[in-house]
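Thanks for coming. I will go through the salt bridges in one model, and then stop.

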Amino acid sequence: MITNLRFENFTVFDDLRLSLSPRVNVVIGSNGTGKTHLLKAIYGLGLALQSRRGGKSDKEFSADVSQKFLRIFLPEQNRVGILHAKGARNPGRLTLENNDDSRISVSFSGRSKYFEIESSAKGSLTSTQPVFIPTKEVLSLVRGMRHLDHDQATLEMIFDDGYIDLAELLVRSGEDNTHSRMEDDPRLSSILRELVALVGGRYQWTEDDAFKFQPGHYVVKADPARSGSTVARAYQDSTVTRFVPKSPQAFSSSMTAEGYRKIGILHRLLSNGAINPGKTSVLLWDEPEANLNPKLMKKLVQVLLELSRNGQQIVLATHDYVLLKWLDLLVDKGKGDHVKFHTLYRHPQTQKMDVESADSYSLISKTAISDTFAELFDADMKRALGE
């Protein structure tokens, strides 16, 4: 799990230092404070640390990591120097440290074409690659991204690698194993059933090379072949979980609500093992609330907390007051929950980007979100009182 980050002279950051919770981290800030840049940089560094286990030379590794960062950020110029903070005289540097003492640091100047990289990864890493879910949903886009007649160059000009990598993870095989994995892991079964119940069905990759929505729900039934054993078994050992379609008709993903598709992304990644709590690296999600009905947010937060209880480190970026308050209110310290809030803001004296971190949302002072909702409440009260 990621423990510490430091970004020096990188895009909007002069010197940002961040300690992450092993459970849930929430990044808050006004537009332009670098929330998405922060998540993308974590994603790029995490991928680089995982790929360091290969047998490539230092030069090849540097070229690959540099190109990946350019694909993630998609600047107009094809050199990493474009990511250097404007006006900064000192080199840029990004550093990520994990709790297993693995570490990666990339440095560059405003003129650099490639990163200079220092890494302590020795091939002992146990987690798989990080997962980045961007703001816009991807399920309805996957068919076009993978169509035989698509133009790859045009695709890469439109979508950065956050979208393209996620599309590849979504079509990854492994869903056939979902039922057996649910039976082996009742915690995973509970999470998947909750996600399907939220949207009233599931999204599946079909033979038509497209995602379709199948209305239905999961049921848990007794299995006579297993429950008849004379050996005492736990409840889950004598039951099977199956998806029951509501009707044989499936719908194109584009015909379903975008908010449902975002829930479907999480369900799909858990179903095929792309997200495997306790084994996968960090889950990064940029504005999970986008196009999501506020009524669904409480359940989504409960699912995210359950994932974190099972060993999944999570970093979210959000603008949404409802999501923030549910994250604050639903924390159960008796279950080991920990939500750490990080507010990015521009320091009034130095005008440099800074961060304030706290273990409770109520302890954070520098957030425009709560200020805006307080202003709305005051305006509503004034109108109600006839002022």
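A salt bridge here is a side-chain nitrogen of Lys or Arg within 4 Å of a carboxyl oxygen of Asp or Glu. This is a predicted model, where local features need pLDDT of at least 70, side-chain atom pairs count only at pLDDT 80 or more, and totals for chains, interfaces and linings use all residues. Residues are numbered from 1 along each chain as its sequence is written, and side-chain values use heavy atoms, with hydrogens and water left out.

The structure has 17 salt bridges. Take Asp-160 and Lys-40, whose side chains pair at 3.0 Å, N to O. Asp-160 sits in the loop between helix 4 (152-158) and helix 5 (161-170), and Lys-40 in helix 1 (residues 35-51), so this pair ties together parts 120 residues apart in sequence. Helices are DSSP runs of H or I, at least four residues, numbered from the N terminus.

Are these two buried or exposed? Asp-160 is buried at 10% relative accessible area, and Lys-40 is buried at 11%. Buried means under 20%, exposed over 50%, and partly exposed in between, with a 1.4 Å probe and protein chains only.

Next, Asp-328 and Lys-325 form a salt bridge at 3.3 Å, N to O. Both lie in helix 11 (residues 321-329), three residues apart, about one turn of the helix. Lys-325 is partly exposed, at 23% relative accessibility.

Salt bridges with shared partners also join Arg-6, Glu-8, Asp-15 and Arg-17 into one network. Asp-15 is partly exposed at 35%, as is Arg-6 at 26%.

How values were computed
Helices (H or I, at least four residues) and strands (E, at least two) are DSSP runs, numbered from the N terminus.
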